[in-house]
Amino acid sequence: MNYKIIEEFDENQLKEVHSLFKNEWWTKDRQLSEIRKMIESSGVVIGLIDNDTEELIGFARAITDTLYRAFIFDVIAKENSRNSGIGTILMNSILDHPLVREVDRVELYCPERLVGYYEKFGFSTDVNGSNLMRYKK
């Protein structure tokens, strides 16, 4: 695969992120203006660009304090590029990023069907008895 990793997004690439988000159940309602703000304020944002087409084929982000905690969000591969290793490239890029690689605990949440996938990277459902809780406005 011929690709490059980006951490800064031009307007066209922001639109491509928006398009990726439209195809996922957890991100389908996000607006372009919200995505722009999210990317500007996230700690680590990774885009994967196909060098041949210049098309955005993957996206992932993490919020981190760079020391104790990082939380990975929105790992997405473009539908027609899935099962080609893009998810692995995105995950390794996040986990190896200078703002994440020294963090004590890197966490994410995912649907049950993807637990096995993330276990390949060393993630575990053993979170010392912690529960995910959410405050929703």
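**View 1. The buried side of α1.** Q13, L14, E16, V17, H18, L20 and F21 are the buried residues of α1 (buried: under 20% relative accessible area, with a 1.4 Å probe and protein chains only; helices, H or I, of at least four residues and strands, E, of at least two are DSSP runs numbered from the N terminus). They pack against β1 (3-6), α2 (32-41), β2 (44-50), β3 (56-64) and β4 (69-77) (contact: heavy atoms within 4.5 Å). This is a predicted model, so to speak: local features need pLDDT of at least 70, side-chain atom pairs count only at pLDDT 80 or more, and totals for chains, interfaces and linings use all residues. Numbering starts from 1 along each chain as its sequence is written, and side-chain values use heavy atoms, leaving out hydrogens and water.

**View 2. Where α1 starts.** A side-chain oxygen of D10 comes to within 3.1 Å of the backbone nitrogen of N12 at the start of α1.

**View 3. The sheet.** Five strands make an open sheet in the order β1-β2-β3-β4-β5, with mixed pairing (strands pair if DSSP finds at least two bridges between them). At the edges sit β1 and β5 (105-107), each pairing on one side only. β1 and β2 run antiparallel, joined by 4 bridges, and Y3 stands opposite D50 in β2.

**View 4. Helices on the sheet.** α3 (residues 86-95) lies across β1, β2, β3, β4 and β5, running at about 30 degrees to β3 (axes are lines fitted to C-alpha atoms, for helices over the stretch in contact; angles run from 0 to 180 degrees between N-to-C directions).

Technical notes: Buried < 20%, exposed > 50% of the residue type's maximum accessible area, 1.4 Å probe, protein only. Polar contact = N/O pair within 3.5 Å; in protein donor to acceptor, adjacent residues only side chain to side chain.
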